[in-house]
Protein chains: 2
Amino acid sequence: MQELFDRHRALLDAAVAACASREYFSAFDESPSPRVYGEEAAGAGRAAYEAWLGTEFPLTTPGADGTVATERSPYGFDLGVRYPRAADVGPLLEAARAGMHAWRLAGPDGRAGVCLEILARLHARIFELANAVQHTSGQAFVMAFQAGGAHALDRALEAIAYAWTEMTRTPETVVWEKPGRGEPLRMEKTFTVMPRGVALVVGCNTFPTWNSWPGLFASLVTGNAVVVKPHPAAVLPLAITVQVCQEVLAEAGFDPNLVVLAAEEDGDKLAATLARRPEVRIIDFTGGNAFGEWLETHAPQAVVFTEKAGVNTVIVDSTADFAGMCQNLAFSFSLYSGQMCTAPQNVFLPAAGIETDDGHKSAAEVAAGIGAALDRLLGDDARAVELLGGIVAPAIVDRLERAGRGDVLVPSREVPHPSYPDATVRTPTLLRLTSDDADTYSTECFGPVAYLIETADTDESIALFGLTVERHGAMTASVYSTSDKVLGQVREAALEAGVALSENLHGAVFVNQSAAFSDFHGTGANPAANATYTDGAYVASRFRVVQSRRHV
Amino acid sequence: MQELFDRHRALLDAAVAACASREYFSAFDESPSPRVYGEEAAGAGRAAYEAWLGTEFPLTTPGADGTVATERSPYGFDLGVRYPRAADVGPLLEAARAGMHAWRLAGPDGRAGVCLEILARLHARIFELANAVQHTSGQAFVMAFQAGGAHALDRALEAIAYAWTEMTRTPETVVWEKPGRGEPLRMEKTFTVMPRGVALVVGCNTFPTWNSWPGLFASLVTGNAVVVKPHPAAVLPLAITVQVCQEVLAEAGFDPNLVVLAAEEDGDKLAATLARRPEVRIIDFTGGNAFGEWLETHAPQAVVFTEKAGVNTVIVDSTADFAGMCQNLAFSFSLYSGQMCTAPQNVFLPAAGIETDDGHKSAAEVAAGIGAALDRLLGDDARAVELLGGIVAPAIVDRLERAGRGDVLVPSREVPHPSYPDATVRTPTLLRLTSDDADTYSTECFGPVAYLIETADTDESIALFGLTVERHGAMTASVYSTSDKVLGQVREAALEAGVALSENLHGAVFVNQSAAFSDFHGTGANPAANATYTDGAYVASRFRVVQSRRHV
């Protein structure tokens with residue numbers, strides 16, 4: 001174990017330093033280019049992924065009963081991978097707990113070494129993981145490689161770095177010496193990091209690795225056992241994850257069941273069953289508001305970290321780069337068909353239009369500018385599918401069709417996929433609303449639907465932004481304005497509403513993307529999430545320090 | 001504000017360093033000696049305290065209706081101080097929130113400066129506070145001065161140091177530069193510490209300052225407003241606290257209502273009303289298990305920190321210093337008549353007795369040894385009352401009388417107080433139980449009652465210790481053994497049960513006492529408390545970081 005820690009120590013130190021400085025840092029190259037990963041990597045990874053299709057995944061889940069095969073690619077075919085169906089959660093939790101004593105004894109450095117080795121092994125399978133993420137989430141390949149592979153690894157490393165910093169800020173032992181009239185009082189004190197218990201990670205369909213790894217590794221490195229409950233439609237990326245965890249744990253002499261997969265049939269309600277078990281003391285959840293809020297109130301024995309949904313807002317006041325703004329927004333709407341918890345939905349702008357470097361633009365002209373930018377971005381089908389990816393669930397197509405009955409500024413288009421004829425691919429639609437349509441814009445319409453909402457003026461835009469975020473939450477917000485006064489007002493409104501703000505984005509930075517080690521993902525300060533990737537609060541309560549003391 | 005921060009910067013730095021090293025540190029002298037505090041201090045402080053008696057305390061509580069006078073000294077007289085009776089909590093919370101914007105703008109350094117100045121002003125009133133603590137809690141004067149004054153100030157400083165460290169670990173601004181093929185991407189990012197909302201501090205009767213100040217200052221320094229809800233029997237120490245907070249806040253240009261007193265008539269259930277208000281986002285509670293657990297489950301909108309009760313255990317296996325052990329235990333039972341959440345209650349020892357430096361001792365001889373030590377410690381009434389203090393509530397006398405019907409090894413004695421004829425003072429009683437009497441020893445008998453519990457052997461003692469702590473919680477545990485093997489077993493059992501362990505204490509270190517900056521108070525790892533004074537988890541979720549970013 002010391003050997004693993006030593007091997008990865010420089011990486012850990014660099015990650016710890018980056019968390020503190022918030023400067024640019026990345027440990028895992030986001031480019032799937034052969035120049036980075038070698039000529040063989042892409043093909044071998046794809047073959048490894050394909051070899052799983054239609055087979056029984058070689059994992060054992062204690063207490064399982066039979067298997068489930070619940071995954072269908074948004075590109076139009078069943079994966080047919082069979083996983084053990086978790087059934088009796090008593091033996092499952094017992095098996096997870098069995099190895100905790102030895103895992104605790106490994107200490108913060110020992111556990112960090114093992115977790116960092118797991119990341120290295122996951123990195124070695126990044127192309128396989130990218131294919132698995134692509135064909136469960138529907139993300140296009142490059143995005144699956146980046147968000148589901150390299151960036152997810154960075155976020156996992158970040159969580160490990162924060163947790164290790166938190167565990168090691170208290171020394172393992174100290175001599176305490178209190179001066180007195182005669183001899184000083186001298187006590188030797190020992191401080192031991194103790195895990196809370198079993199951690200439950202509830203994965204989501206759209207980002208099975210990116211949204212699960214931070215919690216998984218934050219809990220594991222702090223000494224807890226982890227039960228991974230994937231979304232039934234996105235099991236494979238997490239099955240591979242669990243396989244790698246078990247492999248490294250076993251090689252290092254630990255019980256592989258410290259990380260177990262708990263797959264289910266859709267409708268088994270396994271997460272709810274697990275969440276109320278007394279053994280489960282930590283829960284990380286990504287998904288819808290209803291179940292997230294249920295977890296926050298119905299699992300008081302556990303520390304609960306949730307990332308739910310909100311209504312992400314753009315305030316358009318004015319711009320010195322109209323074309324750049326339209327391109328940037330078009331890209332943000334298009335990336336993974338808006339199926340991101342960070343994708344913008346509500347664009348507030350004055351009904352009278354805005355001032356730009358290209359002259360005054362009416363609201364209709366702004367819509368036309370975004371529409372033209374979407375056309376340029378998505379006009380070529382082969383290029384379009386690499387940005388849009390596939391629609392992850394039929395409910396999203398239904399929502400899109402219902403939206404089409406509104407006041408459509410930019411219609412959605414079905415895009416034929418050149419390689420997957422049965423893929424479901426759609427371009428985003430842009431609908432016109434006014435500030436009176438709060439019933440519509442106050443709820444998340446997950447998927448490729450955005451609203452251009454006409455307001456009386458920017459003051460009203462800011463007021464509605466604050467109101468909707470405070471009430472309904474948001475993961476992101478952005479603003480376009482050439483006025484320092486307006487930027488200051490929006491900054492203040494974003495602080496009060498508790499949402500991260502991006503200002504005047506153009507070029508290759510998008511509001512839906514956050515950079516590990518620098519951007520916090522979510523704030524925990526509005527209803528969309530009660531936690532952040534990653535800060536001190538995300539890791540500090542995953543373990544406790546228990547001390548002993550004696551005279552010396 | 002910068003001036004206040006600069007004035008106290010050296011102290012803050014020393015406290016931050018001590019939190020990290022866990023070495024001995026104290027910023028506030030615990031000796032009430034005139035050599036330390038000057039010839040005038042004790043008399044002036046007592047006079048200041050006495051001047052409050054029978055008067056209306058000059059604090060305004062928004063939404064109040066009339067006054068309450070609910071305090072009676074355990075030394076036998078009514079304090080007769082009248083406080084505004086909090087009634088309409090809407091205006092109260094509105095008034096508390098009103099100043100939060102300006103308070104947030106002060107930033108971590110500005111708020112730390114103000115909070116450290118408050119500590120300096122409280123320190124200047126330490127004798128007045130000590131008298132107020134004595135005549136509400138019943139603590140003897142020196143203990144009230146130390147635990148209620150100097151040590152409470154140290155714990156408050158510790159909480160401020162942890163919170164300031166947590167707030168400042170993220171820079172306020174950074175330039176992020178991502179290398180690319182051409183020009184790097186450059187973004188300026190701003191990180192702002194945002195408070196959660198209104199914090200509620202629910203005080204207790206026995207340690208009105210020591211148990212309230214860590215939460216109060218941790219919440220205040222992180223930008224929150226604080227509503228202080230004292231125990232009806234111990235208002236004055238917290239009224240003085242609020243007065244000092246308001247005075248310093250106002251002088252520094254902030255809204256004094258950022259800290260407000262919410263006094264109540266016993267039975268008003270004000271804490272429950274406040275705890276469920278959406279504005280209340282942090283709760284710090286010290287008190288009984290029933291209401292503590294209610295808070296943990298019924299205030300999901302808030303982060304809830306509780307210190308409740310448990311059954312503190314001593315395992316007696318063997319000793320190389322029989323006299324020292326008996327003296328140490330006798331002191332721990334006697335200090336403040338065992339009315340401490342950290343006082344030992346259950347002493348497990350083998351029925352066949354133990355080996356000591358003074359030969360084999362039967363269980364009865366161990367009881368006799370403790371009894372003799374109690375006699376030496378408490379034989380002189382004038383000295384005894386300075387250790388025992390007064391019994392804080394009639395219910396404790398009732399419990400003591402009921403306990404007297406058991407198998408009494410050492411009886412309790414009424415001690416007449418030389419200065420306060422109506423004081424209620426009792427020496428501790430020691431009762432004989434066996435391991436079968438779990439119904440008795442599994443619940444806390446708060447006050448001067450301890451059990452000597454005969455077990456089959458030390459293995460059974462350890463097993464029962466683990467069981468009772470895991471189920472019923474504990475704030476402290478201790479062990480006496482000359483065997484490294486036994487010490488190792490007990491250490492392991494204490495880690496698994498999640499309770500701090502003291503080993504072979506003798507001399508002037510007692511299991512009921514924890515030293516700020518070195519000993520964590522509570523672990524958060526067993527049912528007696530879900531939090532610790534003070535660690536990262538105690539401060540990290542009291543605020544959120546909200547960021548903005550822009551191209552540069």
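Helices (H or I, at least four residues) and strands (E, at least two) are DSSP runs, numbered from the N terminus. Keep that in mind for the whole tour.

Before you click, note that this is a predicted model, where local features need pLDDT of at least 70, side-chain atom pairs count only at pLDDT 80 or more, and totals for chains, interfaces and linings use all residues. Residues are numbered from 1 along each chain as its sequence is written, chains are lettered from A and ligands numbered from 1 in the order in which they are written, and side-chain values use heavy atoms, with hydrogens and water left out.

**Stop 1: a helix in chain A**

Select residues 458-472 of chain A, and you have helix α18. Its 15 residues reach 20 Å from the first C-alpha to the last, close to the 21 Å expected; the expected span is 1.5 Å times one less than the number of residues.

Now colour the buried residues (buried means under 20% relative accessible area, exposed over 50%, partly exposed in between, with a 1.4 Å probe and protein chains only). In α18(A), they include A:Ile462, A:Leu464, A:Phe465 and A:Val469. What covers the buried residues of α18(A)? Show β14 (346-350), β18 (449-455) and α19 (484-497) of chain A, which are among the covering elements.

**Stop 2: A:Thr356**

Jump to strand β15 (residues 355-356) of chain A, where A:Thr356 sits. Is A:Thr356 buried or exposed? It counts as buried because its relative accessibility is 12%.

Zoom in on its polar contacts (a pair of N or O atoms within 3.5 Å; within protein, one must be able to donate a hydrogen and the other to accept it, and residues adjacent in sequence count only if both atoms are side-chain atoms). The side chain of A:Thr356 reaches the backbone nitrogen of A:Asp358 at 2.8 Å, and the backbone oxygen of A:Gly359 at 2.7 Å. Leaving aside neighbours within four places in sequence, A:Thr356 is in contact (heavy atoms within 4.5 Å) with A:Thr319, A:Phe322 and A:Lys361.

**Stop 3: A:Asp407**

Next, pick A:Asp407 in the loop between α16 (394-403) and β16 (408-410) of chain A. A:Asp407 is partly exposed, with a relative accessible area of 39%. Leaving aside neighbours within four places in sequence, you'll find A:Asp407 in contact with A:Leu430, A:Leu431 and A:Arg432.

**Stop 4: rings**

Time for the aromatics. Rings of Phe, Tyr and Trp (its six-membered ring) pair if their centres lie within 6.5 Å; planes under 30 degrees apart count as stacked, over 60 as edge-to-face and the rest as tilted. The count comes to 46 aromatic pairs over all chains.

**Stop 5**

Zoom out to see chains A and B together. A rotation of 180 degrees with 0.0 Å of shift along its axis superposes chain A on chain B, with RMSD 0.0 Å (least squares on the C-alpha atoms of residues with pLDDT of at least 70 in both). The two copies are therefore related as by a two-fold rotation axis. Which C-alpha of chain A is nearest the axis? Select A:Ala537, 3.3 Å from it.
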